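Please read it alongside the sequence and coordinates.

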Amino acid sequence: MPESPSSHAAPPRALIQALRHALRPLVKVMLARGMTFPYASELLKSLFVEVADRDFRLDGKVPTDSRVSLVSGVHRKEVSRLREVLESGEESVPEVISLGAQVVAQWMGAAPYVDEGGHPRPLARFASEGAELSFEALVARVNRDIRPRVVLDEWLRLGVVEIDEDGRIRLHAGAFVPSKGFDEMSFYFGHNVHDHAAAAAHNLLGGEPPFMERSVHYDGLSADAVAQLARQASTLGMEALVAVNKNALSLTKRGGTTSLPRQRMTFGVYFYAEASDEAAAEAPPAVSKAVAAKPPGRPSRKKA
């Protein structure tokens, strides 16, 4: 269980600065979509109640409203109201996501849907044209109750696939991240940011064993240099994602161990660039301009 926040008189200044920096992109998304502070405040209040309830329990017992109020700082009457709201329903994954992720995993990692280089093959639309190497057969391999035409129409709308001049269906990206559907993109936004932040929070709070959470960052680079590094990161990142996906698919088929509880995992890669001034303003004086982060407990630095 994480250390109770009530044990600290005040949060460390370094943590406050880190949270401001980490939350800035999220605030930008909220404002861009018309979410004002009162709405965000209510959302944050419910999250304080939820996390205090689930992650700060004593001896595994469900805490009382008073206990949640003490840990979270939210008034007890508000705690009671918000806990009822939280118990009324769970977040759901859009159907196109749950099915689509499975289909893409097969397309990217299973024979005969990948070529000798490990890339997803273009597929015929119907089984009558391509037999097993068809979009129809691929969807049926995952779920026979869903019509392939429904999946194809939705994926064309989202920009996940395209139909080439030969009438074959091609996967646009190496991972199922729709480029148009805001609901679907929002799901992945929440999933990816959550798991990255959860890994970093686990490490910051001293969780053992630490999760892999590393990055390479430099400033003072030219735009051409950043473009070159972006291309390299994209190529290497996709190779890593495809390799992990292929292995995960193989382990899933094998069944793994029968021990409970079951677990889930996320492996992600990202690249970001911006003007140097803002990033430098956020860094404490002791941080080098060029740092290749290593596993927790073994930091190293590279001088540019």
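## Surface and overall composition

Accessible areas come from the Shrake-Rupley method with a 1.4 Å probe, and for residues only the protein chains shown count as cover. On this basis the accessible surface of the chain comes to about 21300 Å², with 57% belonging to carbon and sulfur atoms. Buried residues (under 20% relative accessible area; exposed is over 50%, partly exposed in between; 1.4 Å probe, protein chains only) make up 21% of the 304 residues.

The chain holds 11 helices and four strands; these are DSSP runs numbered from the N terminus, with helices (H or I) of at least four residues and strands (E) of at least two. A contact requires heavy atoms within 4.5 Å. Of the contacts with a separation of 6 or more, 52% are between residues 24 or more positions apart.

## Confidence and conventions

This is a predicted model, in which local features need pLDDT of at least 70 and side-chain atom pairs count only at pLDDT 80 or more, while totals for chains, interfaces and linings use all residues. Residues are numbered from 1 along each chain as its sequence is written, and side-chain values use heavy atoms, with hydrogens and water left out.

The predictor's confidence in each residue, pLDDT, runs from 0 to 100. Its mean over the chain is 83, and 81% of the residues reach 70 or more. Over residues 286-304, pLDDT stays under 50, and the model has 31 contacts beyond four places in sequence for this stretch. Where pLDDT is low, the predicted coordinates should not be read in detail.

## Packing of H7 and H8

The axes of helix H7 (residues 135-142) and helix H8 (residues 148-158) come within 9 Å and cross at roughly 105°. H7 is therefore roughly perpendicular to H8, a class that covers 65 to 115 degrees. Axes are lines fitted to C-alpha atoms, for helices over the stretch in contact, and angles run from 0 to 180 degrees between N-to-C directions.

On the H7 side, Phe-135, Glu-136 and Val-139 meet Pro-148, Val-151, Leu-152 and Trp-155 of H8.

## Backbone features in loops

A cis peptide bond joins Ala-111 and Pro-112, with omega about 5°; Pro-112 is in the loop between helix H5 (95-109) and helix H6 (127-130). The bond from Glu-208 to Pro-209 is also cis, with omega near -10°.

Asp-59, not a glycine, has a positive phi of about 55° and is exposed at 74% relative accessible area. Ala-131 has phi near 55°, lies in the loop between H6 and H7, and is partly exposed at 46%.

Notes:
Parallel < 35°, antiparallel > 145°, perpendicular 65-115°, else oblique.
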